[in-house]
Amino acid sequence: MLRTSPKISDLFFTPGKPPLVEISGKLAPAGAARALTSEDSRRIAADLIGDNQHAIDNLKELGSCDVSYSLPGAHRFRVNIFMQRGSCAVVMRVIPGKVPDFESLHLPSELEKIVGLRNGIVLVTGPTGSGKSSTLAAIIDKINKEQSYHVLTIEDPIEFLHPHKNCIVNQREIGTDTNSFAAALKYALRQDPDVVLVGEMRDLETIAIAIETAETGHLVFGTLHTTTAASTVDRIIDQFPADRQAQIRVMLSESLKGVISQTLCKKAAGGRVAAREILLSTPAISNLIREGKTFQIPSIIQTSRKLGMNTLNDALLELVEKKMIDPDEAYMRSVEKAGLVASLKAKGLKVTLTTE
């Protein structure tokens, strides 16, 4: 039976190597198992996919697929199966059994304002594996405890399981309960939700419907693979044809309530911690989006810390000052490295990596 330690974040199965686990960003053998053959990895993949026809079709047509997998009474996993050199490889991300809360994720108290919103769109962004799902799960759980709403999630696959608390929480999985994010969103309003979570805003149709849903008086949460708040706004607008971009700027300026852009850092003492850039809606931010001046957004974030906003560099600097991460790790995770080096230097802290 598959067992995992609380410190393990991922499991890897690939031909030519024994099963491996990832602990604090480093790979290690999973016991004394032998190297897997192509047949071994194919059998593992088939067991994980089961009779999920959507996953079978995606693996055949696209070369990869996502599924969820549960061990009764134990762990849940988000699984990606993909083809490489004619064989299957499998990566399994461990999903904690308990839905994380604000405290365990070190989410700033300013984000609690999001829980009280009645409409608009909130985006959690960052690269794959940056903890977006955990942040969203904590926000949904807080809404579930404190509000009395119908919460509808659309996920690929379902990760954290949300029991009904003060809210009704219905969770739909791509491939099992619906064909696509766009298809699920298209009919979501007939299901009378107050809150809609879109696991990933992958395409123009999904993004357009999500913005329209937010505009019609619903609170929408979504994710994008962008690294900063400003690039998130640009990515959304750039998805649309040039003749629609002015209209989308206006719609987004009115509906966007916040962007949480995060990256996962290695803690000095082991483990991981997220550094987060936070943008919250203000008249100044709305005007910049409407006027196409998103390049000025970082300056507004920088000067709006009292309102709960935070740049990524400020978040990284704070983690260094708390001795949670090393200066070199902060440097590696920073998008604007020169500014971070200057801030660290002003605090008497030094980066040993090459900064040229």
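Begin with the lining of the second largest pocket, whose residues divide into 10 nonpolar, three polar and five charged; here Ala, Val, Leu, Ile, Met, Phe, Trp, Tyr, Cys and Pro count as nonpolar, Asp, Glu, Lys and Arg as charged, and the others, Gly among them, as polar. Before going further, note that this is a predicted model, in which local features need pLDDT of at least 70 and side-chain atom pairs count only at pLDDT 80 or more, while totals for chains, interfaces and linings use all residues. Residues are numbered from 1 along each chain as its sequence is written, and side-chain values use heavy atoms, with hydrogens and water left out.

**The second largest pocket**

About 400 Å³ of space lies in this second largest pocket, the volume being the space filled by probe spheres set on grid points that are joined across faces, edges and corners. A pocket, on a 1 Å grid over the protein atoms alone, is an open set of points where a 1.4 Å probe fits, with protein on both sides within 12 Å along at least five of seven lines, and lining residues have an atom within 4 Å of a point. Select His106, Pro108, Asn310, Glu318 and Lys322, which are the closest to the centre of the second largest pocket among the 18 residues that line it. Strand E13 (272–280) and helix H11 (312–321) are the elements that give two or more residues to this lining, and E13 gives the most, with five residues. Helices (H or I, at least four residues) and strands (E, at least two) are DSSP runs, numbered from the N terminus.

**Backbone stops**

Most residues other than glycine have a negative phi, and most peptide bonds are trans. Return to histidine 106, which has a positive phi of about 55° although it is not a glycine, and which lies in the loop between strand E6 (87–95) and helix H3 (112–115). Histidine 106 is partly exposed because its relative accessible area is 47%, with buried meaning under 20%, exposed over 50% and partly exposed in between (1.4 Å probe, protein chains only).

Next select aspartate 192, in the loop between helix H5 (181–186) and strand E10 (195–198), where phi is again positive, at about 55°. Aspartate 192 has 58% relative accessibility and therefore counts as exposed.

Then move to aspartate 156 and proline 157, which are joined by a cis peptide bond with omega of about -5°; proline 157 lies in the loop between strand E8 (150–155) and strand E9 (168–173).

**Around strand E4**

Finally, select serine 64, found in strand E4 and partly exposed at 29% relative accessibility. Leaving aside neighbours within four places in sequence, serine 64 is in contact with Asn58, Leu59, Asn80, Ile81 and Phe82.

Note on methods:
Contact means heavy atoms within 4.5 Å.
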